[in-house]
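Have the sequence and the 3D view open as you go.

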Amino acid sequence: MGEQSIKDRITFHESLETMEVDFSRMTFATKEEIDAFYDEVDRRLAVSKRRWYFLVNYVDCVINPEVWSQFAERGKKANVSHGLGTVRIGAAAETRDTIRKRARTERFRANLYENRDEALFALSEMRKRRQVAGTDADSAYLSVEGINLHFGGITALQNVGFGVQRGEIFSIIGPNGAGKTSMLNVISGFYRPTSGQIVFEGKDRTQLPTHAVARLGFARTFQNIALFRGMTTLDNVMTGRLLKMNSNFLLDALYWGPAKREEIKHREYVEEIIDFLEIQAIRKTPVGRLPYGLQKRVELGRALAMDPKVLLLDEPMAGMNLEEKEDMARFVLDVNEEWGTTMVLIEHDMGVVMDISTQVVVLDHGEKIAEGTPDEVRTDPVVIRAYLGEG
Ligand SMILES: Nc1ncnc2c1ncn2[C@@H]1O[C@H](COP(=O)(O)OP(=O)(O)OP(=O)(O)O)[C@@H](O)[C@H]1O
Ligand SMILES: [Mg+2]
């Protein structure tokens, strides 16, 4: 271990809401060494009684492969109990790879940076987004109030209400036929509720049709993939951009200059999304030929091309294998962190919901039966009964 004491390697910067942890030049070879360090971290965090961003310095730090999982486990615990987000500096190639791999299977962001300035900048961006998101329950960004929806004699939704904060990953769960997709259709303007209100950024938009709702900044993906199967990945993602295009055909003909410039701008934007979702290799492939998991990813790409403020995702991981699910969960988290996009997510996989959502609402037979954090909902007897009841 380095000559510096563990105590001196942990610094709290109040003004940045950040705990800086300095692993530089340290070697972790045994579980005891890891525990010694993290016991001190945990103790200091517990005393602080609040959450912090973590800035972790890995310069010339060596973690022996045999103890990586213990190291990661302690880090994760600290994060879950007291973390707001982590940035990492100066990790050597091997450490970087290990962190990236673990980030993928355990659904956290690797956030690796070359130096402290870059990491601090990233931290300040994360803090800014969280401040914008706010925590005041009264000022819901998207507010769903007393929604009723009937199809003939069927009551699909009965007096359902909840508030979604800006920047959060909000999940809707519930047994089959509970009304989840119907709720998303009401939010997107596809269904007009029998009564109730949808308020977005303080304005009532209950009566707006889908295209107008889309213009306000809503994009969605569907429970059953809705892509143009004969068209390439690139073109499918590009269709998401249509709404943003201003030039009309006549102008195109008269002044090809501005139109051309606009098209280039849109193409660049779409290429950025394709890079982000790591689908460069299938840019020119007709989506009908792609495996299911990739089609779902293209559909996410098309929704992202709309540059939405709110992304509505109807079972984005349904029918996927484990690896595809992990990828998708990571992309959802990445989009949320990178762009601060608010997400309303329907998902059946409880593990995923519990891992990535900030808030969960539970529907059953068209009614809201519970609402809260993933932990609150998971242990709610009413929720457990609803799921068991449906077998
Ligand atoms: N367009 C429609 N016409 C008639 N009934 C509908 C329509 N859409 C939904 N319903 C009914 O509303 C109820 C809720 O359906 P919804 O699709 O919202 O459930 P869900 O929670 O998304 O279920 P799943 O988990 O199976 O996707 C069901 O009884 C369904 O049959
Ligand atoms: Mg559904």
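What follows covers the domains, a sheet with a helix on it, and a hairpin.

This is a predicted model, where local features need pLDDT of at least 70, side-chain atom pairs count only at pLDDT 80 or more, and totals for chains, interfaces and linings use all residues. Residues are numbered from 1 along each chain as its sequence is written, while chains are lettered from A and ligands numbered from 1 in the order in which they are written.

The protein splits into domain 1 (7–133) and domain 2 (137–389), with bounds taken from an automatic or database domain assignment. Their C-alpha centres sit 31 Å apart.

Helices (H or I, at least four residues) and strands (E, at least two) are DSSP runs, numbered from the N terminus. Two strands pair if DSSP finds at least two bridges between them. Five strands make an open sheet with mixed pairing, in the order 1-2-4-6-7. Strand 1 (10–13) and strand 7 (112–113) are at the edges with a single partner strand each, so one side of each has no neighbour in the sheet.

| Strands | Sense | Bridges | Facing residues |
|---|---|---|---|
| strand 4 (residues 52–57) and strand 6 (residues 83–89) | parallel | six | tyrosine 53 and glycine 85 |
| strand 16 (residues 359–364) and strand 17 (residues 367–372) | antiparallel | five | leucine 363 and lysine 368 |

Helix 2 (residues 68–82) lies across strand 4 and strand 6, at about 140° to strand 6. Axes are lines fitted to C-alpha atoms, for helices over the stretch in contact (C-beta atoms, placed from the backbone, within 7 Å), and angles run from 0 to 180 degrees between N-to-C directions.

Strand 16 and strand 17 form a hairpin with two residues between them. Histidine 365, in the turn, has a positive phi of about 45°.

How values were computed
Two residues are in contact if their C-beta atoms, placed from the backbone, lie within 7 Å.
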